[in-house]
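Keep the viewer open while you read.

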Amino acid sequence: MTEALNVLLLLFLIVCAIGVAHIRDLLSAVILFSSFGLIMAIIWQQLSAPDVAMVEAALGTGVVTLLLIAAIAKTKRAE
Amino acid sequence: MEILKGIIDNYYYMVAIILFVIGMYTMLTHSNMIKKVIAMNIMDASVFLMFVAVGYAHGSQAPIIREGADVLYANPLPGALILTGIVVAVSVTAYALSLVVKIYRYYETCDYDEICEIRSRE
Amino acid sequence: MGLSEHFPALIVAVFIFAAFLSPLLYRWARHLSAAYLVVTLLAAFGMVIALLVQVQHSGPVYYHMGGWPPPWGIEFKADALRLYILLVVIGVSLWVFIYALRDLQHELKRRVIGWYYTLYALLVGSMAGMALTNDLFNLFVLMEICAISACAIISIKEDRECLEASFKYLILSAMGTGCFLLGVVMLYMVTGYLNYSFMQAELVEAFNYYPRNIFTAAALFIVAFGTKAALFPLHVWLPDAHASAPSPSSAMLSGVVIKIYAFGLFLMFYEVFPPELLRTIPLNEIVLWLASLGAIFGSVYAMMQSDLKKMLAFSSIGQIAYIFMGIGFNHDLAMVGGFYHLMVHAVTKAMLFMAAGVIIYSTGIRKIEDLAGIGRVLPVTMIAFSIGSASMVGLPGTGGLISKWFLALSALEIGRPVFVIVILASSLLNAVYYMPIVINAFMHHHEFGADFKPVPRVMKACMIAGMIFVVVSGFYTTPVVNLLEQAAELFF
């Protein structure tokens, strides 16, 4: 059962990554990226590395998303 | 058949490599600079995924020692290294974004191709 | 013993302390901050010499961080070769920093100079760490510190070319570190170690079972270090970055930073990968041919430039190729030549960028064709430039000849005279673009306007020191060549 969940999550990662590359709106790309980060955190929890999962959720998803949104606010949103 | 079995057995590694290639391709070919920075993060995260997957053995548990329990623990070393890696990646991202904002002030665009055009016109 | 036991760690640690303290000091006492960094550099230089004496006396020194033994803890290794690289890195940094003290006052805003010291200390510290470390993940972290601080000493000038160039540099070096870390994972997967020595011992056996992992890692390492050291087809970031930076930063980046990555690739080839790898797949052949292409094309591109600093930057691509040739020949004489060139080119290119900086400082000229007749107004600068050019071309009496001599000798010894032709051709191409500048500078008469500023004494003294070093390295080669030959015996 968990195997199936892991494979689903991994597929979702790939979808998110391709979505980030293709979407025209930068803010949507950032949202997709932050969901990418959260799924990555769940996968790391599944891989028995809870410490890494917490750091990814806080830094890799939280702080980076904030930074990206701040940068978009200071520049242009459309590509 | 053997190759297919290898792929199915190592699906974490396969996904990590696919993500690495997607991230690297986007980072190098996309002209928007913020997109480049996001892709850089995807690329880094994929390498970290691969590193953590190396430390995981099938059915292993989080490396927190419980007295008396006879369980298989995951290798904690990759996790410890990846913590450092994530912090490094975040700081590179912050620096790259600060450059993007500064560049936007001079060129009024985030598009790298447009910047090259502006520079070649001068 | 006491303190001297901890020298390998202290060499890196003093710079990290300096990085934190110098901007604070700069707030209260500006001169004290600069003096503090000079003292730091001198102290590190002294420690490297002390270690070198100890290593010559009683063999390599190993230092375990925090007392943890190698497979778990981080290990620093100080052998003669690494200490030689450290001497070059720290010596050139000290020299460029003294020049920078004066030059930065007109290139940067006053309030950021304190931060420049921080970045400078971090850059030197991370390079010292990269030369000393014996642990792959530690190397990755130091590479990232080096990449950020190298980009930041370009972008600190905050004009549009600098920002754009350093963004390009940052993206490509992020690609480099990404590839490097992926390669490390590939190796960690099959060995379970990150320490160079343990990994090599384990890889000898693992090579029979998992050759594909090791091939992939080797390819990724070549891309990673090639990007960062500007090996020929991966050099695209270098010209913009090195040309637009403030002159002391250009001197550092072109003089030292790219070399340390070339040295990194050397360590990967000979201290991490198993010896069978180089016999199975001709990795060093790939590096050798790319380097030969770089030696020719770097010079061809340099000929087409009209901007002085851009020309010097393209010339670096041609010159770093000699160091890669030294790695690629897989032969002891070539290694001596390559590493001798590492020292000579570090000093020469730093001196040439200093001369370019002085020209920009006192006349504001950047275009090559405006330089005609400048030798009469700036005699010391242009004599330094001429001696530097002579060393780049490899004229007798300069250090450049010695390294090319060793490389050519080893090409003949392994029976591949085609590379002698490559070396000769690229020297000739170097002459084609360096010599006209020198001749025009001294032969023409030209009046320069009233905006001419006299050259500060410190800058002159730095260039004179460089000139003396380049000439001495052309005649008095014994100590360095002996040291390198001893080091080469360990590898070949």
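## Before you start

This is a predicted model, where local features need pLDDT of at least 70 and side-chain atom pairs count only at pLDDT 80 or more, while totals for chains, interfaces and linings use all residues. Residues are numbered from 1 along each chain as its sequence is written, and chains are lettered from A and ligands numbered from 1 in the order in which they are written.

## Who touches whom

Chains A and C do not touch, and their nearest C-alpha atoms are 15 Å apart.

On the A side of things, 38 residues of chain B are in contact with 36 residues of chain A. Helix 2, helix 3 and helix 4 of chain B each supply at least two residues of that side of chain B, with helix 4 giving the most, at 12 residues. (Helices are DSSP runs of H or I with at least four residues, strands are runs of E with at least two, and both are numbered from the N terminus.) By class, the side of chain B that touches chain A has 27 nonpolar, 10 polar and 1 charged residues. Here Ala, Val, Leu, Ile, Met, Phe, Trp, Tyr, Cys and Pro count as nonpolar, Asp, Glu, Lys and Arg as charged, and the others, Gly among them, as polar.

Turning to chain C, 26 residues of chain B are in contact with 21 residues of chain C. The elements of chain B that give two or more residues here are helix 2 (11–29), helix 3 (33–55) and helix 4 (76–107). Helix 4 of chain B gives the most to this side too, with 12 residues. The side of chain B that touches chain C divides into 21 nonpolar, 2 polar and 3 charged residues.

## Chain B on its own

Chain B has 5 helices and 0 strands, in the pattern α-α-α-α-α along the sequence. Its radius of gyration is 20 Å, well over the 14 Å that the globule rule gives for 122 residues, so chain B is more spread out than a compact globule. That radius is taken over C-alpha atoms, and the globule rule is 2.2 Å times the number of residues to the power 0.38. Along the principal axes, the C-alpha atoms of chain B fill a box of roughly 70 × 40 × 10 Å.

Buried residues make up 46% of the 122 residues in chain B. A residue is buried if 20 or more other C-beta atoms lie within 10 Å of its own, exposed if 12 or fewer, and partly exposed in between, with C-beta atoms placed from the backbone. Asn75(B) sits in the loop between helix 3 and helix 4 of chain B, and counts as partly exposed because it has 18 C-beta neighbours inside 10 Å.

## Two helices of chain C

Helix 18 (residues 457–475) of chain C has 19 residues that should span 27 Å at 1.5 Å a residue, and its end C-alpha atoms are 27 Å apart, which agrees. The expected span is 1.5 Å times one less than the number of residues. The buried residues of helix 18 of chain C include Met459(C), Cys462(C), Phe469(C) and Val470(C). The face turned away carries the exposed residues Arg457(C), Ile468(C), Val472(C) and Phe475(C).

Among the elements covering the buried residues of helix 18 of chain C is helix 14 (332–363) of chain C. Helix 14 of chain C is itself mostly covered, with 29 of its 32 residues buried. Just after helix 14 of chain C, Gly364(C) takes a positive phi of about 80°.

## A strand pair in chain C

Strand 1 (residues 61–64) and strand 2 of chain C pair in the antiparallel sense over 4 bridges; two strands pair if DSSP finds at least two bridges between them. Tyr63(C) stands opposite Phe76(C) in strand 2 of chain C. Both faces of strand 2 (residues 75–78) of chain C are covered, with Glu75(C) and Lys77(C) buried on one side and Phe76(C) and Ala78(C) buried on the other.

Conventions:
Two residues are in contact if their C-beta atoms, placed from the backbone, lie within 7 Å.
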